[in-house]
Amino acid sequence: MLTTLPLVALVALLLLGVPIAVALAASGMLGIYLVTGDLAKMLGIVALTPFDTVADYTLTTIPMFILMAYFSASSGLARDLYTAASNWLSLIRGGLAIATVFSCGVFGAMSGASVAAASVMSKIAMPEMRRHGYSDELAAGAIGVGATLDILIPPSVAMVIYGLATQTSVGKLLVAGIVPGILAGILLALTIYLWVTISPAHAPKTYRAPARERWASLARVWPSLLLIVVVIALLYLGIATPTEVGALGALMAGVIGVASGRLSAHDVLQALKSTVRTSAMIFLILIGATLFGHYMTLSRIPQEIVALVTAMDLNRWMVIIGILAVYFVISMFMDEIPLLLLTLQLTFPLITSLGFDPIWFGVVSMMMVGIGLVFPPVGLVAFIVGTTAGADLTKVYKGTSILTIALVVTTVLLIIFPQIALWLPTTMR
């Protein structure tokens, strides 16, 4: 009974609003002490864990991807992408919303953070769609759900965290998200088109940008497309490690910004400061999760859960659906990184014991997290869109709920056809 007390303490601390890094560390320390009954041993583990956790070369991938995201945002690359996409798709009903989804997806290949994409695209796309008579429901829904593609499309910080937490190949995980990300984007575009066809009032206007303007906007995005091609090609071909790819991507994003005259010395300094703050927050959560992991290992709770589920002789698909449902519920209240670090210590041993592919589970769990991030009653990304764009949350939730259908369909297809996620990693060198 005492060994489960830290789990109760963790839930209580989170409900009280204690930062998740502190909650994980405190609960883990309590658990280690209760299991071992040795204060000196607990303090020894606490003394060694911070360095042992962060002194990992693979972890340098995270600040590199984050720096690339900040450089890309400060350089105005997202605005260029949106302008080009809207110029070419504006003649289709709902074209601006479809352009927003594609821009979010492409920007995701330069940032890897759904929250960053939601914030940046809300400032760029929302005013433009409002100017052309788009409803807030459609506009906010396209931004919010489009931003979730960034969890899948490399470079994805969440995928890196998953790989580190489960000792799964980070390179293969990043590549595994490409096809599902493209599929989700296509289904989102189809969902938007069907929505505005059934209810034209949500996207009343279409327009054709002058040919000269269309081609000029396309010319401005070639550096961004080059950055994406380089990042994905290096990952897929195995020429460079994810850390090296992240470093090169950050350098290229910075060079593009400086060369275009839109990334000043002040912007570079702010990007570096923001990268340090964000990386430090993630590393603190990792340290807390590692301490909690020591408790889980000593208490053998994961092994007991695996044994219990095995003894119940449940259909393995019932188990995976139950796990994904839990991910969906928790992700409505929590960002993807702490969610993964909090849950994987329990769920990963279970899914591997049932014979599920860890890379496939990584992709599917990201899909469920993405759905939760835009779904009421909280939905972190939906909340960011509403706050940044000045839109009523009720309208934001209506839009994201309708467009979430595309993500649900993608998830179902991934469950039925696992090769959608697994095919591309198997072709890697």
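Author: The answer below begins with the salt bridges and then turns to helices, spaces and surface.

This is a predicted model, in which local features need pLDDT of at least 70 and side-chain atom pairs count only at pLDDT 80 or more, while totals for chains, interfaces and linings use all residues. Residues are numbered from 1 along each chain as its sequence is written, and side-chain values use heavy atoms, with hydrogens and water left out.

A salt bridge is taken as a side-chain nitrogen of Lys or Arg within 4 Å of a carboxyl oxygen of Asp or Glu, and by this rule the count comes to 3. In one of them the side chains of Arg-262 and Asp-80 meet, with 2.6 Å from N to O. Because Arg-262 lies in the loop between α14 (242-259) and α15 (265-299), and Asp-80 in helix α5 (residues 77-89), this pair ties together parts that are 182 residues apart in sequence; helices here are DSSP runs of H or I with at least four residues, strands are runs of E with at least two, and both are numbered from the N terminus. Exposure is judged by relative accessible area, with buried meaning under 20%, exposed over 50% and partly exposed in between (1.4 Å probe, protein chains only). On that scale Arg-262 counts as partly exposed at 35%, whereas Asp-80 is buried at 6%.

Arg-131 forms a salt bridge with Glu-128, their closest N and O atoms being 2.8 Å apart. Both residues belong to helix α7 (residues 114-131) and are 3 residues apart, so about one helical turn separates them. Arg-131 is exposed, with a relative accessible area of 56%. Arg-130 pairs with Asp-136, where the closest N and O atoms are 3.0 Å apart; Arg-130 is partly exposed at 34%, and Asp-136 is buried at 16%.

Turning to helices, the expected span is 1.5 Å times one less than the number of residues. The 14 residues of α4 (residues 61-74) should span 20 Å, and the end C-alpha atoms are 20 Å apart, which agrees. Helix α4 is mostly covered, with 10 of its 14 residues buried, among them Phe-65, Ile-66 and Phe-71. Just after α4, Gly-76 takes a positive phi of about 75°.

Points are joined across faces, edges and corners, and a volume is the space filled by probe spheres set on them. The largest pocket has a volume of about 610 Å³. It is lined by 18 residues, of which Leu-14, Ile-330, Met-334, Leu-342 and Thr-343 are the closest to its centre. The elements giving two or more residues to this lining are α1 (5-15), α17 (316-331) and α18 (336-353).

The structure also holds 1 cavity of 30 Å³ or more. Residues including Thr-148, Met-366 and Leu-407 line the largest cavity, and helix α19 (residues 358-373) gives the most to that lining, with 4 residues.

Definitions and conventions
On a 1 Å grid over the protein atoms alone, a cavity is a set of points where a 1.4 Å probe fits but cannot get out, and a pocket is an open set with protein on both sides within 12 Å along at least five of seven lines; lining residues have an atom within 4 Å of a point.
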